[in-house]
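Here is a short briefing to read alongside the model.

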Amino acid sequence: LIMLKHKKFFSLIVLLPIFTLLLTACGKSNSAAKTQTITVALDWTPNTNHTGLYVAQEKGYFKKHHLKVKFVQPSKDSAEQIVASGKAQIGISGQDSLASAIGKKNPLPLTAMGAILQHNTSGIMSRKADGITSPKKMQGYRYATWNTPTELATIKQVVKDDGGDFSKVKTVPNNITDEVAGLKSKAADAIWIFYGWAGINAEIKNYPVNYFSFRSINPVFDYYTPLIIGNNSFLKQNPKAAKAFMAAATEGYQYAAKNPKASADLLMKAVPELKSNQKLIYKSQNYLSKYYLTKDGQFGKIDAMRWNNFYKWLNDHKLVEQKLAKNQGFTNQYLPKQ
């Protein structure tokens, strides 16, 4: 009997490690099965608009939500085209760019899942000495244009709203990659910029400029840019993954809003080439961190009235091929409860 008990005990000792290995293997298999890979198409090279996403990557928020996230940059195709084709499931866009993609007879299968910035930070920057302090004062000066319908209609509208005549504004092709250098060299007199980058760059370089924002002239231009967009098929088939992505992104941007310097460090750790512009990254991050959240601390929320006001303006000015419907192109359903 004693021998039998010893044999049973010995058998148990031998079998325990085997059971442990099997359980561990099963656990790893289940964990691997839960992890979903998502490709994100950026709208441009990595910058402070994207900080919250890189924070989510570096601090393990995506991993916590069982996601493996890969970032890609647009080349020949735009972020909208890359996401629509399914080569990426999620991307970065803007409400104006999204309108062109969905406002046509064969719309691209895209939906905005959340706003990165709560306000449009774009406007016109010019040399201080020229005194272009409002749209009307662009008359007689050269505006650098990309010659796109929505862009030109925006300039026409703000000049008109300011009591000016757009026909008196001269236009030159916008081939400018560094706005401060463009103004210094007099390649143009007035340039459309996003203040969080080009305006901050002028501050760092101590270059005296004038700036006015479009939203300060007409609230219809306080549209959402940039945005997080998703492929419609992906969203329909993978709602849990979409919600997980937005939950991780929310954590990332909330951290960035509260910790500008630390989040800028995480961005530069993830994208080392940005370290060559360290002063710009820190100051830009400090500026944009104030725009990531709503007044009550929410990330991503899109206000339907603001969204629809801009799309109505596009419809009224016939700037889209197919009229945009009310509430078309966005949802807040993937945002976590905050």
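**Strands, a side chain and a helix pair**

Strand E1 (residues 36–41) runs parallel to E2, and six bridges join the two. Strands (E, at least two residues) and helices (H or I, at least four residues) are DSSP runs, numbered from the N terminus. Residues are numbered from 1 along each chain as its sequence is written, and side-chain values use heavy atoms, with hydrogens and water left out. This is a predicted model, in which local features need pLDDT of at least 70 and side-chain atom pairs count only at pLDDT 80 or more, while totals for chains, interfaces and linings use all residues.

**The open sheet**

- Five strands make up an open sheet of mixed pairing, in the order E2-E1-E3-E10-E4; two strands pair if DSSP finds at least two bridges between them.
- Strand E2 (67–72) and strand E4 (110–115) are at the edges with a single partner strand each, so one side of each has no neighbour in the sheet.
- On average, neighbouring strands of this sheet are turned by 30 degrees against each other, direction ignored.

**Strand E5 and its partners**

- Six of the six residues of strand E5 (residues 122–127) are buried, meaning under 20% relative accessible area, with exposed over 50% and partly exposed in between (1.4 Å probe, protein chains only).
- E5 runs antiparallel to strand E8 (residues 190–194), joined by five bridges; here Ile124 has Trp192 of E8 as its bridge partner.
- Five bridges also link E5 with strand E9 (residues 209–213) in the antiparallel sense, and Arg127 stands opposite Val209 in E9.

**Arg306**

- Arg306 belongs to helix H14 (residues 304–316).
- Leaving aside neighbours within four places in sequence, Arg306 is in contact (heavy atoms within 4.5 Å) with Gln118, His119, Asp222, Tyr223 and Tyr224.

**Helices H2 and H11**

- The axes of helix H2 (residues 51–58) and helix H11 (residues 239–258) come within 7 Å and cross at roughly 105 degrees.
- Axes are lines fitted to C-alpha atoms, for helices over the stretch in contact, and angles run from 0 to 180 degrees between N-to-C directions.
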